[in-house]
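I opened my notebook to record what I looked up in this structure, one place at a time.

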There are 2 protein chains.
Amino acid sequence: MQQAPKAHPPLPERVDIVEVGPRDGLQSEPEFVPTARKIELINDLVGAGIRHFEATSFVSPRAVPQLRDAKEVMRGVDRSTGAQFTTLVPNMKGAERAIEAGVDALVLFMSASESHNLKNVNCTRETSLERFREICAFAAQADVPVQGAIATAFGCPFEGEVPVAEVVRIAKAYHEMGMRVISLGDTTGMATPPLVQERCRALREAVPELEVTLHFHNTRGVGLVCAYTGLLEGITRFEASIGGLGGCPFVPRATGNISTEDLVYMLHECGVGTGIDLEHLLEAAQQTETLIGRTLPGQVMKAGSRLKTHSMDTVATANG
Amino acid sequence: MQQAPKAHPPLPERVDIVEVGPRDGLQSEPEFVPTARKIELINDLVGAGIRHFEATSFVSPRAVPQLRDAKEVMRGVDRSTGAQFTTLVPNMKGAERAIEAGVDALVLFMSASESHNLKNVNCTRETSLERFREICAFAAQADVPVQGAIATAFGCPFEGEVPVAEVVRIAKAYHEMGMRVISLGDTTGMATPPLVQERCRALREAVPELEVTLHFHNTRGVGLVCAYTGLLEGITRFEASIGGLGGCPFVPRATGNISTEDLVYMLHECGVGTGIDLEHLLEAAQQTETLIGRTLPGQVMKAGSRLKTHSMDTVATANG
């Protein structure tokens with residue numbers, strides 16, 4: 001068998017995958033997934049080699065009842081491999097609970113567009129930033145790192161285009177608060193290759209010290225194209241959701257997060273290492289479908305890995 | 001509103017889209033789609049601005065009953081705009097029928113891998129090439145151009161990897177027969193960005209006169225990534241299927257062709273012109289779902305175009 005050709009220009013040799021299914025995926029599911037099942041899923045993914053998780057969210061149980069068991073989830077996850085568990089935190093109270101639960105880092109989040117921030121967290125962007133400064137000071141005392149997510153970083157469902165300057169402004173503010181890792185969220189699937197290029201380059205120029213994570217949704221079919229564009233820009237940290245768990249809050253029929261296993265498949269085929277066992281991941285994606293009780297959008301779990309050959313006796317073919 | 005940034009390195013300014021749904025899509029549907037509906041679909045897509053169609057296939061009605069109305073379809077399609085209608089042709093008899101029906105070009109097809117060719121058309125690749133030489137000579141007398149498709153060009157479901165040398169060998173043979181346009185078919189969704197790069201570069205080197213068309217399946221989620229890779233290689237002709245019509249002959253749950261409207265969405269967002277009205281295409285994709293009676297894999301038809309904004313009063317949001 002021939003060696004797969006290498007991409008040119010060269011892509012990063014290795015990237016980190018952040019699994020967000022337990023948080024971003026499960027919070028949009030209508031049914032509460034039992035705590036023990038959540039822990040099993042996360043620990044199975046640790047077994048597959050994933051080393052970064054957005055494990056849950058310390059938000060109000062009233063606002064997001066699906067994640068009301070954040071503390072218990074954090075208690076059950078497998079810490080033996082050194083896998084990093086971050087959790088989303090909306091305010092000081094959430095930060096206190098998360099730190100008490102022993103998370104590896106807090107993730108603060110706000111939107112790049114004012115109207116989405118107002119709608120999502122009920123305050124202006126300036127108020128979000130003020131609160132974040134307090135939380136960062138508090139977390140620093142506890143010696144817990146803080147990361148920052150920027151929602152609607154590629155477009156806003158209320159405002160349309162989001163100027164790159166807004167993303168840069170928030171990223172600079174995050175950096176000044178002491179954050180070292182930020183994530184650009186493609187909240188409603190509005191990212192495109194040129195926007196990814198533009199935002200990655202602007203951030204590299206303005207705040208080169210920041211590690212930029214990309215978080216894409218496949219709502220308009222181009223989620224993996226945007227990830228590939230990010231690779232070409234030298235990005236080495238991507239968020240994804242097992243099976244493509246999670247939907248789009250605006251369009252019931254539309255897809256949400258890119259699926260972790262499809263992303264890992266693409267990366268490995270492009271010669272980019274992840275440390276993850278794809279076959280194990282495909283099984284985990286299938287089990288997640290069973291857990292959720294519906295078909296998930298991930299493709300490779302349905303088709304199987306690329307070089308799984310078929311017998312000439314047992315299959316149908318079609319011309320062309 | 002800001003102007004969308006341009007991709008860098010620059011992509012082609014304009015590409016041709018070849019709609020293959022009426023052939024590659026409908027032939028895998030279990031039900032026969034009535035001739036009048038096929039013609040309506042094609043003519044609606046002509047109205048949307050598509051100018052290249054693989055309209056049907058002059059194969060044995062016994063082998064592919066879904067396309068038994070090839071002659072009637074060709075009689076009904078709208079020729080007023082100069083749109084080009086090609087049809088797949090398996091043998092001399094098919095070529096005679098296609099030419100009699102007034103097609104703009106014949107498309108001959110064989111596989112890059114021996115076992116798939118044996119399974120698909122029941123003869124060796126050498127025999128396929130011999131027959132094609134006769135058909136090309138016949139078509140030349142009738143002054144009808146011939147194009148050549150190469151199936152399993154990125155991998156074979158029976159053999160696994162397909163050496164690039166096999167693809168180049170067939171492309172050279174096609175060129176020697178007088179063909180000017182060829183298509184690389186990703187029959188079971190095994191294309192990856194490095195393989196696309198490798199094959200495009202090898203063909204440009206070996207047979208620079210040939211116009212190379214890329215035909216991807218989204219079976220493993222990376223169909224549009226492969227198309228984007230093709231764009232970066234300067235390819236300006238892509239095949240796709242409205243709504244993502246058509247499946248994978250090997251895996252019932254898996255996806256087939258990339259969807260035309262998602263491809264056109266990506267191209268337009270990247271500043272690449274197609275001459276196609278995306279909104280018209282999205283309506284056509286939705287009508288195709290109704291025609292077929294099941295959900296199709298196209299994403300943009302579900303989510304809507306990118307800058308369709310939502311009211312802040314009427315929608316749900318989710319944190320982060």
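Predicted model: local features only at pLDDT ≥ 70, side-chain atom pairs only at ≥ 80, totals over all residues.

**Entry: B:S241**

Leaving out residues up to four places away in sequence, I found B:S241 touching B:V20, B:G21, B:D24, B:G25, B:G246, B:N257, B:S259 and B:T260. I then placed B:S241 in the chain: it sits in the loop between β8 (237–240) and α10 (260–269) of chain B. Is B:S241 buried or exposed? I counted 33 other C-beta atoms within 10 Å, so B:S241 is buried. I also checked B:P22, which is 219 residues away from B:S241 along the chain. The C-alpha atoms of B:S241 and B:P22 are separated by 7.8 Å.

**Entry: helix α2 of chain B**

Next I checked a helix for length. Helix α2 of chain B covers residues 35–47, which is 13 residues. At 1.5 Å a residue, α2(B) should span 18 Å, and I found its end C-alpha atoms 18 Å apart, which agrees. Which residues of α2(B) are buried? I listed B:K38, B:I39, B:L41, B:I42, B:L45 and B:V46. Around the axis they cover an arc of only 160 degrees, so they sit on the same side of α2(B). I looked up what covers these buried residues: β1 (16–19), α1 (21–25), β2 (52–57), α3 (70–76) and α11 (278–292) of chain B are included. After α2(B) comes B:G49, with a positive phi near 110 degrees.

**Entry: helix α6 of chain B**

I repeated the check on another helix. Helix α6 of chain B runs over residues 125–141 and has 17 residues. From first C-alpha to last, α6(B) reaches 25 Å, close to the 24 Å expected at 1.5 Å a residue. Its buried residues are B:R125, B:S128, B:F132, B:I135, B:C136 and B:A139. Viewed down the axis of α6(B), these fall within an arc of 110 degrees, so they line one face of the helix. I noted a general point here: an α-helix has 3.6 residues a turn, so residues three or four places apart point the same way. What does the face of α6(B) turned away from the buried side carry? I found the exposed residues B:E126, B:E130, B:A137 and B:Q141 there. The buried residues of α6(B) pack against α4 (92–100), β4 (105–111), α5 (114–121) and β5 (146–151) of chain B. Just after α6(B), I noted that B:D143 takes a positive phi of about 60 degrees.

**Entry: two positive phi values in chain A**

I turned to chain A. A:N122 is not a glycine, yet its phi is positive, near 65 degrees. I located A:N122 in the loop between α5 and α6 (125–141) of chain A. It has 10 other C-beta atoms within 10 Å, so A:N122 is exposed. A:T152 is not a glycine either, and its phi is positive at about 50 degrees. I located A:T152 in the loop between β5 and α7 (164–176) of chain A. Is A:T152 buried or exposed? With 27 C-beta neighbours inside 10 Å, A:T152 counts as buried.

**Entry: α8 and α9 of chain A**

I looked at how two helices of chain A meet. The axes of α8 (residues 193–206) and α9 (residues 223–232) of chain A come within 9 Å and cross at roughly 35 degrees. The crossing of α8(A) and α9(A) is right-handed. In α8(A), I found A:P193, A:V196, A:Q197 and A:C200 meeting A:V225, A:C226, A:T229 and A:G230 of α9(A). By class, this contact has five nonpolar, three polar and no charged residues.

**Entry: where the chains touch**

How many residues does each chain bring to the contact? I found 73 residues from chain A and 73 residues from chain B. On the side of chain A that touches chain B, α5 (114–121), β5 (146–151), α8, α9, α10 (260–269) and α12 (300–303) each supply at least two residues. α8(A) gives the most to this side, with five residues. By class, the residues of this side divide into 37 nonpolar, 24 polar and 12 charged.

**Entry: A:S311**

I counted 8 C-beta neighbours inside 10 Å, so A:S311 counts as exposed. A:S311 and A:L232 are 79 residues apart along the chain, and their C-alpha atoms are separated by 37 Å.

Note on methods
Residues numbered from 1 in each chain as written. Chains lettered and ligands numbered in written order. Helix = DSSP H or I, 4+ residues; strand = E, 2+ residues; numbered from the N terminus. Buried ≥ 20, exposed ≤ 12 C-beta atoms within 10 Å, placed from the backbone. Contact = placed C-beta atoms within 7 Å. Expected span 1.5 Å × (residues − 1). Arc of directions from axis to C-beta. Axes fitted to C-alpha atoms, helices over the stretch in contact; angles between N-to-C directions. Left-handed = near helix turned anticlockwise from the far one by under 90°. Nonpolar A, V, L, I, M, F, W, Y, C, P; charged D, E, K, R; others polar.
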